[in-house]
Amino acid sequence: MFLQGSLVVVDELGRATSSSDGLAIAWSCCEHLLSLKGYTVFATHMEGLSELATMYPNVKVLHFEVDLRNGLLDFKFRLKDGVRRVPHYGLLLARVAGLPTSVIDTATSITSRITEQEMVRMDANCVQYQPLRMAYQAAQRLICLKYSNQGDDYIREALQDLKESYAAGNLI
């Protein structure tokens, strides 16, 4: 039984399946958990799940910090906001693991084409779901103001700022 406000921790769901099946299972579970109004920590290597943040304003993407120094990965073990900023992390790991250069070169070409397709889709999602994200942000701010201990003047000014930001499309 799931109670509203519960915490669910999911680690590497769908990992032992094909990439498409694993991503589909993980995506579906994420959407189901979003509908339950609980809190979820979803640990995964499937970067495609970060696309959920372009569609659902209540999704937060975090990663563990990794630096790239002289072609080597330096794991920092610190949680950071947003998606991982080390491009082609898997290809770097493959190089460290000693895969042949020809294999890594072919993989680089393939991943470039896939990444380009993903970026086009994510850009389209951002445009399509922008009104929903703005409405969600406005509702969050209104709820905060409703329960605020600030004075009437502050609240009036905050409401005016919210109205102007919303009209200008600058809420996110």
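Thr 54 touches Met 122, Asn 125, Cys 126, Tyr 129 and Arg 133, leaving aside residues up to four places away in sequence. The model is predicted. Thr 54 sits in helix α2. Its relative accessibility is 10%. Buried means under 20%, so Thr 54 counts as buried.

Now step back to the whole chain. The protein has 5 helices and 4 strands. From the N terminus on, these elements run β-α-β-α-β-β-α-α-α. The C-alpha trace spans about 65 × 40 × 30 Å along its principal axes. The radius of gyration is 20 Å, whereas a compact globule of 172 residues would have one near 16 Å.

Next, the surface and the interior. Of the 172 residues, 22% count as buried. Thr 54 is one of the buried residues. The protein exposes about 12,300 Å². Carbon and sulfur atoms supply 57% of that area. What share of contacts between residues at least 6 apart in sequence join residues at least 24 apart? The share is 47%.

Charged side chains come next. How many salt bridges are there? The count comes to 8. One of them pairs Lys 60 with Asp 81, with the closest N and O atoms 2.8 Å apart. Lys 60 lies in the loop between α2 (52-55) and β3 (62-69), and Asp 81 lies in strand β4 (residues 72-81), so this pair ties together parts that are 21 residues apart in sequence. Lys 60 has 58% relative accessibility. Exposed means over 50%, so Lys 60 counts as exposed.

A salt bridge also forms between Asp 153 and Arg 156, at 3.0 Å from N to O. Both residues belong to helix α5 (residues 152-168). Asp 153 and Arg 156 are 3 residues apart there, so about one helical turn separates them. Both Asp 153 and Arg 156 are exposed.

Some salt bridges share partners. They join Asp 67, Arg 69, Asp 74 and Lys 76 into one network. Within this group, the side chains of Arg 69 and Asp 74 meet at 3.3 Å, N to O. Are Arg 69 and Asp 74 buried, exposed or partly exposed? Arg 69 is partly exposed, with a relative accessible area of 46%. Asp 74 is partly exposed as well, at 27%.

Methods. Residues are numbered from 1 along each chain as its sequence is written. This is a predicted model: local features need pLDDT of at least 70, side-chain atom pairs count only at pLDDT 80 or more; totals for chains, interfaces and linings use all residues. Side-chain values use heavy atoms; hydrogens and water are left out. A salt bridge is a side-chain nitrogen of Lys or Arg within 4 Å of a carboxyl oxygen of Asp or Glu. Helices (H or I, at least four residues) and strands (E, at least two) are DSSP runs, numbered from the N terminus. Buried means under 20% relative accessible area, exposed over 50%, partly exposed in between (1.4 Å probe, protein chains only). Contact means heavy atoms within 4.5 Å. The radius of gyration is taken over C-alpha atoms; the globule rule is 2.2 Å times the number of residues to the power 0.38. Accessible areas come from the Shrake-Rupley method with a 1.4 Å probe; for residues, only the protein chains shown count as cover.
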